Structures are given as structure tokens and as C-alpha cells.
Amino acid sequence: MALCRILVVDDEESIREFFEIMLKREGYDVVTAANGREGFEAFKKQPADLIISDIQMPEMSGMELLTKVKEADPEAIVLMITAFGSTETAVEAMKLGAYDYVQKPFKIEEVKIIVRQALEKRSLKLENAQLKKELGTKYDAALFFGFSQV
């Protein structure tokens with residue numbers, strides 16, 4: 001599998017650096033952005049396999065970013081993180097299409113597992129879509145129907 005690209009969007013520089021170091025050690029290509037607007041611009045330039053976004057940020061919130069990313073690519077995988085979590089926020093993020101929701105402070109191993117699972121899900125979806133496409137081109141529907149003289 002090709003090198004997975006992860007976009008980390010957080011207004012806290014220390015959080016961006018933490019994710020960048022941790023994820024690069026895991027072998028991922030990491031791009032960071034300081035707010036939702038920058039994050040969306042980076043995503044439009046080169047889509048990511050996974051987006052990790054804070055919820056509360058200046059200029060464009062993580063929820064707004066999630067909405068814009070999902071409009072641009074409904075299959076995008078977005079992991080939301082926040083220090084100001086509530087059940088309502090988590091439910092809203094999931095309704096908008098977030099893959100998962102993690103509250104700060106988070107456990108490093110927990111985040112690594114969630115990232116791995118999210119990327120595996122994306123890989124399986126892409127593989128499934130490719131196989132369906134190949135089946136569609138290999139087997140024309142006309143081959144499955146016969147004609148009878150009766």
C-alpha cells in the first residue's frame with residue numbers, strides 16, 4: 001500500500017507537532033494546518049487519506065471543516081478531537097459524518113489504533129470500489145441473459 005497522507009488541523013502548534021512526530025514515526029506522510037480554512041485549502045490541493053481536526057478553532061471550526069470536506073468528498077475519513085467535549089458535540093460530529101471523536105487529553109496508543117482502523121476502512125472501501133469497477137468492465141450484463149426460441 002502507498003504511503004498514507006494524513007492532514008492534521010489544530011490551532012495549537014504543540015498538538016500539530018505532537019501528531020506530526022507521532023504519525024511520521026508510524027510511517028505516514030503528515031501535513032498540518034493551523035485552522036479550518038488552511039486545512040480545507042490543503043485538502044483541496046491534495047486530498048488526504050485521513051483528516052484529524054480539532055473542533056474549536058478560529059476562522060473556521062472543525063465542524064465547518066468536516067461539513068466542507070464531506071461535501072467535497074463524501075468518502076473522506078475525518079477524526080475529530082477536542083478539549084471541550086460533550087455528548088451533544090460528539091453526536092453532532094458523527095451525524096455530520098465524522099469517523100470518530102476523541103477527547104483531549106487522549107492516550108497515544110488509543111489514537112494510533114483509531115488511525116490504523118480508519119485507514120484500513122478507507123483502504124477496504126477503495127479496494128471494494130475498484131473491484132466493482134473491474135467486475136463491471138469484465139462482465140457485460142448481456143452475458144448473463146440468454147435467448148430462447150420457445
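Contact here means heavy atoms within 4.5 Å, and helices (H or I, at least four residues) and strands (E, at least two) are DSSP runs numbered from the N terminus. The model is predicted: local features need pLDDT of at least 70, side-chain atom pairs count only at pLDDT 80 or more, and totals for chains, interfaces and linings use all residues. Residues are numbered from 1 along each chain as its sequence is written, and side-chain values use heavy atoms, with hydrogens and water left out.

**View 1. Packing of helix 3.** The buried residues of helix 3 pack against strand 1, helix 2, strand 3 (50–54), strand 4 and helix 4. Gly62, Met63, Leu65, Leu66, Val69 and Lys70 are the buried residues of this helix (buried: under 20% relative accessible area; exposed: over 50%; partly exposed: in between; 1.4 Å probe, protein chains only). They lie on the same side of helix 3 because they cover an arc of only 155° around the axis, taken from the directions from the helix axis to the C-beta atoms. Exposed Glu71 and Ala72 are on the face turned away from the buried side.

View 2. In the order 2-1-3-4-5, 5 strands form an open sheet with parallel pairing (two strands pair if DSSP finds at least two bridges between them). Strand 2 (29–33) and strand 5 (100–103) are the edge strands, each pairing on one side only. Strand 3 and strand 4 run parallel and are joined by 4 bridges; Ile81 in strand 4 is the bridge partner of Asp54.

**View 3. An aromatic cluster.** Phe18, Phe19 and Phe106 form one aromatic cluster. Rings of Phe, Tyr and Trp (its six-membered ring) pair if their centres lie within 6.5 Å; planes under 30 degrees apart count as stacked, over 60 as edge-to-face and the rest as tilted. The search of the whole structure finds 3 aromatic pairs. Phe18 and Phe19 are edge-to-face, 5.3 Å centre to centre with 70° between the planes. Phe19 and Phe106 form a tilted pair, at 5.4 Å and 40°. Phe19 lies in helix 1 (residues 13–25) and Phe106 in the loop between strand 5 and helix 5 (108–138), so this pair ties together parts 87 residues apart in sequence.
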